[in-house]
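I opened this notebook to record what I looked up in the structure. The entries follow the order in which I consulted it.

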Amino acid sequence: MGAVIMHSVVSVDGFIADEKGDVGPLHEWYFSGDVPIVVGSDEQYDHSGTGSGIKVSAASADYVRAMWESIGTIVMGRNLFDLVNGWEGKPPAGDHVVVVSHRPKPEGWHPEASYHFADDVVAAIDKARELAGERVVAVNAGEVGAQILAAGLVDEVAMDVVPVVFGSGKRYFGGIEGQHLLEDPHVVIQGDRVLHLRFKVRR
């Protein structure tokens with residue numbers, strides 16, 4: 001069974017978005033490089049919103065491509081699902097999405113897309129692992145990611161740290177309580193305007 005990796009782009013002071021969910025400059029490095037990243041179908045949702053597609057620096061390309069190709073299922077919260085409308089049924093990586101929500105999938109919403117809804121984090125991870133098989137389950141950071149980490153269901157924490165200070169907003173680790181120890185980073189890659197870090201969760 002594949003690993004469960006909590007993953008998001010984050011400011012140096014630990015925020016994944018501002019209070020309104022705006023990521024500001026956090027994702028600029030995804031679209032400012034020279035190396036295009038295409039995973040799966042060539043016809044993907046335009047995550048840049050500009051039609052430019054994802055292009056990262058050569059320093060980040062191998063890491064991003066390998067990370068995205070390893071993903072089988074993404075787990076996200078309902079707030080993010082609503083904010084991006086589930087990426088119109090075309091996730092940035094992986095073949096499946098599990099949304100943690102007490103509300104069901106919107107009626108008639110992209111019936112062709114492999115999107116599943118679970119009302120608690122344990123059920124969400126169980127479904128995500130079933131769908132992912134040997135591939136990675138990627139958990140979006142934030143409140144839902146923090147709940148999954150607190151439940152002891154996260155194997156690794158991956159952070160793409162961008163040199164910006166938000167001051168306030170939505171925290172990478174949400175409102176998590178107590179200490180959760182991580183191992184020393186086993187991945188440290190310096191890209192252009194981003195630092196890629198991965199830590200195994202200490203058991």
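**Aromatic pairs**

I looked up Tyr172 and counted this residue as buried because its relative accessibility is 1%; buried means under 20% relative accessible area, exposed over 50% and partly exposed in between, with a 1.4 Å probe and protein chains only. Phe173 has 26% relative accessibility and therefore counts as partly exposed.

I noted the basis of these entries: this is a predicted model, in which local features need pLDDT of at least 70 and side-chain atom pairs count only at pLDDT 80 or more, while totals for chains, interfaces and linings use all residues. Residues are numbered from 1 along each chain as its sequence is written, and side-chain values use heavy atoms, with hydrogens and water left out.

I then found eight aromatic pairs in the structure. Rings of Phe, Tyr and Trp (its six-membered ring) pair if their centres lie within 6.5 Å; planes under 30 degrees apart count as stacked, over 60 as edge-to-face and the rest as tilted. One of the pairs is Tyr30 with Trp68, tilted, at 5.7 Å centre to centre and 50 degrees between the planes. This pair links distant parts of the chain, 38 residues apart: Tyr30 lies in the loop between strand 2 (15-17) and strand 3 (35-36), and Trp68 in helix 1. Tyr30 counts as buried because its relative accessibility is 10%, and Trp68 because its value is 8%. Tyr172 and Phe173 form an edge-to-face pair, at 4.6 Å centre to centre and 65 degrees between the planes. I also recorded a cluster in which ring pairs link Trp29, Tyr30, Phe31 and Trp68.

**Helix 1**

Helices (H or I, at least four residues) and strands (E, at least two) are DSSP runs, numbered from the N terminus. The buried residues of helix 1 include Tyr63, Val64 and Met67.

**Strand 6**

I next examined strand 6 (residues 96-100), where five of five residues are buried. His96, Val98 and Val100 point one way, and Val97 and Val99 the other. Strand 6 runs parallel to strand 5 (residues 71-77), joined by five bridges; strands pair if DSSP finds at least two bridges between them. Four bridges pair strand 6 with strand 7 (residues 115-118), also in the parallel sense. I noted Val100 as the bridge partner of Gly77 and opposite Ala118 in strand 7.
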